[in-house]
Amino acid sequence: MFGLSRRTLVGYLYVAPLLVWLALTIAYPLLSTVILSLQDIRIIGTEGSFVGVDQYRTILTSDAFWSSTGRSVIWVLGNGLAQTLAAFIAALLLREAFPGVRIARVWIILSWIVPTVVVVIIWRWMLSASGGIVNYALVSFGVVERPIGFFSTGTSAFASVILINAWRMFPFMTVIMLAGLMRIPEELYESAAVDGANAWQKFRHITLPGLQPVLFVIGLLGTLMSFNTFDVIWLLTGGGPAGSTTTLPVLIYDTAFKQYRLSRAAAMSVVTGILLLVFALTFIRLMSPRTEEQESAL
Amino acid sequence: MKRSRRASFVLIVGLAALLFVVLVPFYWIFTSSIKIPQEIIARTPTLIPQSFSLQHYDKLMNSSQFPVYLRNSTMVALATMGVTLLLCTPAAYALYRMRLPGRRTLFRIILITYAFPGILLLIPLYSMMSSLRLIDTLYALVIVNVTFAAPFAVWLLQAFFQTIPPEIEESAALDGANRLQILLHIIIPLTAPGLASVAIFAFITSWTEYMFSSVLIISEQYRTVPVGLAGIVGQYQVDWGLLLAGASVTTLPVLVLFALVGRYFISGLTAGAVKS
């Protein structure tokens, strides 16, 4: 039939349900976002009229959108730095052999698999200004005189949320980083030691190049995953105080479901999608590891 | 490799710090949840509980809406798990075992959907559910959760499907088994650990989901655990005992399920990451 063997046809039949599902719940909605963004719907279910690119004009000239974009960039960079650093240290520790290492390599991922709302409850409770254990420790060790409201000023709220999110996500990065480290043959380090290489040289010439494929995955996936973070920020600060933790996802949610401007939020989604696409393509072009290895993976 | 004394010292200190950072927050909420209210809010925190009381759990299960949230979350998570397995098992089989023309492109499409930021779908999926009249139903949540669990599930399965030697399938084919029989009787039993990880990944994805649930569900009777708990967080006077008990109960199923398949889950995750 159509020059395809029966076997191939059966193969496509097996993949089809998943592809159709993804087309209906990802591809189709993406197209409909564009249509929504050209109207002026406020609350879903109500009728809107076609207004062309008005929403885009409003967004692209609004401070709120661009300052949220800026915050998203800081958010992604801050998270990337904190997570990569923590993950690298954790992966170096877990690469060693010690009693219980097999259990540790699995359970390190704990904070990544618990519901975000639990993460939020944990840190709200620990960082509480009235009776939180972190403030208690800081006061008793004389670091501060009185309890700090971690979420009460803009800068400290943003820093706190970044660190809490990094705490939640770094174990995921650790697992991937560890897999990368384990692929670097031990002999390379041994022969480098024979040649008298110091720790930095080993890191620079063996570890870093060896980690490149994994760093590529972490850089791309990690950025997109961090960018997408909504619930941690929303539940910890609601985007405040005074908008200081409103990243793009928070702005989109708030615009659609608190300010009831659905079409405007749709337009924001479109612009955000384009920004992310540009990022992803640039990243792939610049950082992609040698392709032969990729091709042979499949 | 033999470690020097200094290296052992650094390793022990480092591991202790890691253990502290990862586990202490969980220890702290759990032990606090079994304290009496006076001890929870005491000016001097007690690292080891000085009182023991299940009153917060009693209140949570008997005089709050939590059991309703728990039931909804469980139903949605089980359905998400079932649908994800039904969609992903045959797809992974065809992609990884059948040398399908264009499978690389298909695999890439699925990878892209995995990295796809869910926030971009919030508005259109909401409006789609609205036109399908699925707002305020648990079906809407199942649909959304499957969409976010499935691509990663296919990714996870790669490692498990590719380790099966082709001879096993070939000999079954020689014995006259068709593709479906091979899938059902040979591949599925051999990839059971992978399928179990995928099932549990789908369950946990659904169990954790907050953003879509917070807008797709309107009535209290269909609320899931994350949204329900978040409602308590947002109250003016936070009942910490109740909230900590709720957080502990919410974490428990994740721990139990992960204890069963955690090892396979991690190996699937790393194989996918290192290869692709």
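User: Before we start, what makes a residue buried, partly exposed or exposed?
Analyst: A residue is buried if 20 or more other C-beta atoms lie within 10 Å of its own, exposed if 12 or fewer, and partly exposed in between, with C-beta atoms placed from the backbone. This is a predicted model, where local features need pLDDT of at least 70, side-chain atom pairs count only at pLDDT 80 or more, and totals for chains, interfaces and linings use all residues. Residues are numbered from 1 along each chain as its sequence is written, while chains are lettered from A and ligands numbered from 1 in the order in which they are written.

User: OK, how much of chain B is buried?
Analyst: Of the 276 residues in chain B, 46% are buried.

User: And how many helices and strands does chain B have?
Analyst: Chain B has 13 helices and zero strands. Those are DSSP runs numbered from the N terminus: helices are H or I with at least four residues, strands E with at least two.

User: What box do the C-alpha atoms of chain B fill?
Analyst: Roughly 75 × 65 × 35 Å, along the principal axes.

User: Why is helix α6 of chain A largely enclosed?
Analyst: Because 10 of the 11 residues of helix α6 (residues 116-126) of chain A are buried. Among them are A:Trp123 and A:Trp125.
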